Amino acid sequence: MNKKEKKYYLNLLLKEKERILKTIGHLKEDALGDKKQNFGGVPTHIADLGTDEFSRDLEINLSNSEGKILKLINEAIEKLENGTYGKCERCGKNIPKSRLTALPYAKYCIKCQKEIEKTGE
């Protein structure tokens, strides 16, 4: 991978990282806002209790998913720095550039990713 390509993928990774950090920040702000709206944590109507629980669960799940992607992005940035970026961690072959453009933090080529999903590794 040449310097121009490395710079391109680093830029993609940094943009995605920024997007995720903003999303996580908004989730935290929303969670704090919900706490301020509830007086003593008790909903004003019983139906609101279910909605509040659903919202909190959704925010936690989104936050966990975004956190996992953030970890993958950081690993991909490290790989760019040490020269292993774009190599499948399973078979060692080059990950197609089209896949890296769509998913710059991809760890596996499409074939290996499908096998992993099929076998549940």
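A salt bridge is counted here when a side-chain nitrogen of Lys or Arg lies within 4 Å of a carboxyl oxygen of Asp or Glu. The model is predicted, so that local features need pLDDT of at least 70 and side-chain atom pairs count only at pLDDT 80 or more, while totals for chains, interfaces and linings use all residues. Residues are numbered from 1 along each chain as its sequence is written, and side-chain values use heavy atoms, with hydrogens and water left out.

**Exercise 1.** State how many salt bridges the structure holds, and describe the one between Glu18 and Lys22.

*Solution.* The structure holds 9 salt bridges. In the pair of Glu18 and Lys22, the closest N and O atoms are 3.4 Å apart. Both residues belong to helix α1 and are 4 residues apart, about one turn of the helix, where helices are DSSP runs of H or I with at least four residues, numbered from the N terminus. Glu18 is partly exposed, because its relative accessible area of 45% falls between the limits for buried (under 20%) and exposed (over 50%), taken with a 1.4 Å probe and protein chains only.

**Exercise 2.** Determine which parts of the chain are linked by the salt bridges Glu66 to Arg19 and Glu75 to Lys107.

*Solution.* The side chains of Glu66 and Arg19 meet at 3.6 Å, N to O. This pair links distant parts of the chain, with Glu66 in helix α2 and Arg19 in helix α1, 47 residues apart. Glu66 is buried at a relative accessible area of 11%, whereas Arg19, at 36%, is partly exposed.

For Glu75 and Lys107, the closest N and O atoms are 3.7 Å apart. This pair also links distant parts of the chain, Glu75 being in helix α2 and Lys107 in the loop between α3 and α4 (110-119), 32 residues apart. Glu75 is partly exposed at 23% relative accessibility, and Lys107 is partly exposed with a relative accessible area of 23%. Salt bridges that share partners join Lys71, Glu75, Lys79, Glu89 and Lys107 into one network.

**Exercise 3.** Describe the largest nonpolar core and the surroundings of Leu13.

*Solution.* A nonpolar core is a set of buried Ala, Val, Leu, Ile, Met, Phe, Trp, Tyr and Cys residues joined through side-chain atoms within 4.5 Å. The largest one has 17 residues, and those with the most contacts inside it are Leu13, Ile73, Tyr85 and Leu100. Two or more residues come from each of α1 (3-37) and α2, and α2 gives the most, with 5 residues. Beyond neighbours within four places in sequence, Leu13 is in contact (heavy atoms within 4.5 Å) with Ile73, Ala76, Ile77, Leu80, Tyr85, Pro104 and Tyr105.

**Exercise 4.** Locate Lys79 and name its contacts.

*Solution.* Lys79 lies in helix α2 and counts as buried because its relative accessibility is 13%. Not counting residues up to four places away in sequence, Lys79 touches Thr84, Tyr85, Glu89 and Lys107.
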